Protein chains: 2
Amino acid sequence: MKTRPENDPRALLEARDDFVTQWGTIGTAWGINRTMAQVHALLITTGHLMSTDEIMEDLKISRGNAHKNLRDLVSWGLIRSVVRKGERKEYFEAEKNVWKMFCIILRERRRRELRPAQAALQECAARTKGLKGAEAVAFNKQIKALSDFLELADSVITKISRSEQSSMVPWALKFLK
Amino acid sequence: MKTRPENDPRALLEARDDFVTQWGTIGTAWGINRTMAQVHALLITTGHLMSTDEIMEDLKISRGNAHKNLRDLVSWGLIRSVVRKGERKEYFEAEKNVWKMFCIILRERRRRELRPAQAALQECAARTKGLKGAEAVAFNKQIKALSDFLELADSVITKISRSEQSSMVPWALKFLK
DNA sequence: GCCCTGTTTCGGTAATTCCTGAAACTACAA
DNA sequence: TTGTAGTTTCAGGAATTACCGAAACAGGGC
């Protein structure tokens, strides 16, 4: 890590680059593709709207790649595209509020991952419901337990993702005591 | 989906196979490799201890693959290996309690994913702490906000993963109202 | 119609991750 | 010591996923 005078503009550029790289790595660990996480990192730490070309330039990635990941981020709701009056170019802007980001991610992961899992388990529980024999009964019980748990988790997640930061954070602090 | 008489043993075998497949898919969506999830699914829904060979046989996978994924599951703490007296073969057994499973997964993901992320962010916040200029200050603020949020999430997760089901579930139900 | 600016799609390739099968290793028993 | 039953490692191949670059497309103005 290089050290710069406090007001050297390079210090900020380097730090941002660093953050983008780190966020990419973090994203990877969380099952999100590296580029998508990097584009997101760039957009949440920049002060201005960015165009596809600027993002390509900054991250040194192809147009196709930039395009795809911008679309994905939009579909998650983590960024919005804005068109400035009179201009044809498309610009992007991220949701920067951390709590809102968190809620968006919760909701989307719930929708994309939790719901399908629930459906699969429920169907599996249903079809073994009436089976006879100790093994079958134990199997059904286990599936049911999993299914019930996901159900509860789902409700809790839904509730949290609809809450305001102003009500959840104090609550979390109280919970910790 | 085939329908069988209530006491047809094939019904159970098919249902289990189905569950194993589904759990594999679910695992994949959650960033866990398919085989690992399938081995886990097998072990949580079986009544008896299973050897590596039996697992290979059931899932039609190679010894190397079975071995690696069993080791990984052990390292997560989701299964244990047991050696029966007088036998040299190694058998495996899963933690079947859903709440305990959940806590194990929480703890491990915290350790493997959340902690490194926190470290990266904190370092990034620290190095931009003293920078001058509106942009740099905004950047530092954003990073700090992310870092603080992860910190709080970390505490909450830690607390939850140490709790008993008997205290958390009623609590969750109350929270939902 | 034809250019101009920007967006979207897509075939091929590169990179990564996963899996196999076989060989190497360990420990015990005859 | 050799045989046997089991575990572990690993090089290479298969499958999946991500990425590039170029071509196709869309919608204005002229």
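Modeller: Let's start with two helices of chain B: α2(B) and α3(B) are roughly perpendicular to each other. Keep in mind that this is a predicted model.

Colleague: What makes α2(B) and α3(B) roughly perpendicular?

Modeller: The angle does. Helix α2 (residues 34-44) of chain B packs against helix α3 (residues 52-59) of chain B at about 110°, the axes being 11 Å apart. The label covers angles of 65 to 115 degrees, so α2(B) and α3(B) count as roughly perpendicular.

Colleague: Which residues make the contact between α2(B) and α3(B)?

Modeller: From α2(B) there are Gln38(B), Val39(B) and Leu42(B), and from α3(B) there are Ile55(B), Asp58(B) and Leu59(B). By type, the residues of this contact between α2(B) and α3(B) are 4 nonpolar, 1 polar and 1 charged. As for handedness, α2(B) passes α3(B) in a right-handed crossing.

Colleague: Over to chain A, then. Why is α3(A) called roughly perpendicular to α4(A)?

Modeller: Helix α3 (residues 52-59) of chain A and helix α4 (residues 63-76) of chain A cross at roughly 115°, and their axes come within 9 Å. The range for the label is 65 to 115 degrees, and that makes α3(A) roughly perpendicular to α4(A). The crossing of α3(A) and α4(A) is right-handed.

Colleague: And which residues meet there, in α3(A) and α4(A)?

Modeller: Thr52(A), Ile55(A) and Met56(A) of α3(A) meet Arg63(A), Ala66(A), His67(A) and Leu70(A) of α4(A). The contact of α3(A) with α4(A) comes to 4 nonpolar, 2 polar and 1 charged.

Colleague: Next label: how do you know that α2(A) is largely enclosed by the rest of the structure?

Modeller: Count the buried residues. A residue needs 20 or more other C-beta atoms within 10 Å to be buried, and 10 of the 11 residues of α2 (residues 34-44) of chain A are buried, so the helix is largely enclosed. The buried ones in α2(A) include Met36(A), Val39(A), Leu42(A) and Ile44(A), and His40(A) and Gln38(A) are buried too.

Colleague: What about chain B: why are β1 and β2 of chain B said to stand at the edges?

Modeller: The sheet there is open, with 3 strands in the order β1-β3-β2 and antiparallel pairing. β1 (50-51) and β2 (79-82) of chain B each have a single partner strand, so one side of each is left without a neighbour in the sheet.

Colleague: How do you know that β1(B) and β3(B) pair?

Modeller: It takes at least two bridges, and β1(B) pairs with strand β3 (residues 91-94) of chain B over 2 bridges, in the antiparallel sense. In β3(B), Phe92(B) is the bridge partner of Met50(B). The antiparallel strands β2(B) and β3(B) are joined by 4 bridges, and Ile79(B) has Ala94(B) as its bridge partner in β3(B).

Colleague: Which residues of β3(B) are on its covered face?

Modeller: Phe92(B) and Ala94(B), whereas Tyr91(B) and Glu93(B) are on the uncovered one.

Colleague: Last one: how many residues of chain A are in contact with chain B?

Modeller: 46 residues of chain A, in contact with 46 residues of chain B. On the side of chain A that touches chain B, α6(A) gives the largest share, 13 residues. That side of chain A divides into 27 nonpolar, 10 polar and 9 charged residues.

Conventions: Residues numbered from 1 in each chain as written. Chains lettered and ligands numbered in written order. Predicted model: local features only at pLDDT ≥ 70, side-chain atom pairs only at ≥ 80, totals over all residues. Axes fitted to C-alpha atoms, helices over the stretch in contact; angles between N-to-C directions. Parallel < 35°, antiparallel > 145°, perpendicular 65-115°, else oblique. Left-handed = near helix turned anticlockwise from the far one by under 90°. Contact = placed C-beta atoms within 7 Å. Nonpolar A, V, L, I, M, F, W, Y, C, P; charged D, E, K, R; others polar. Buried ≥ 20, exposed ≤ 12 C-beta atoms within 10 Å, placed from the backbone.
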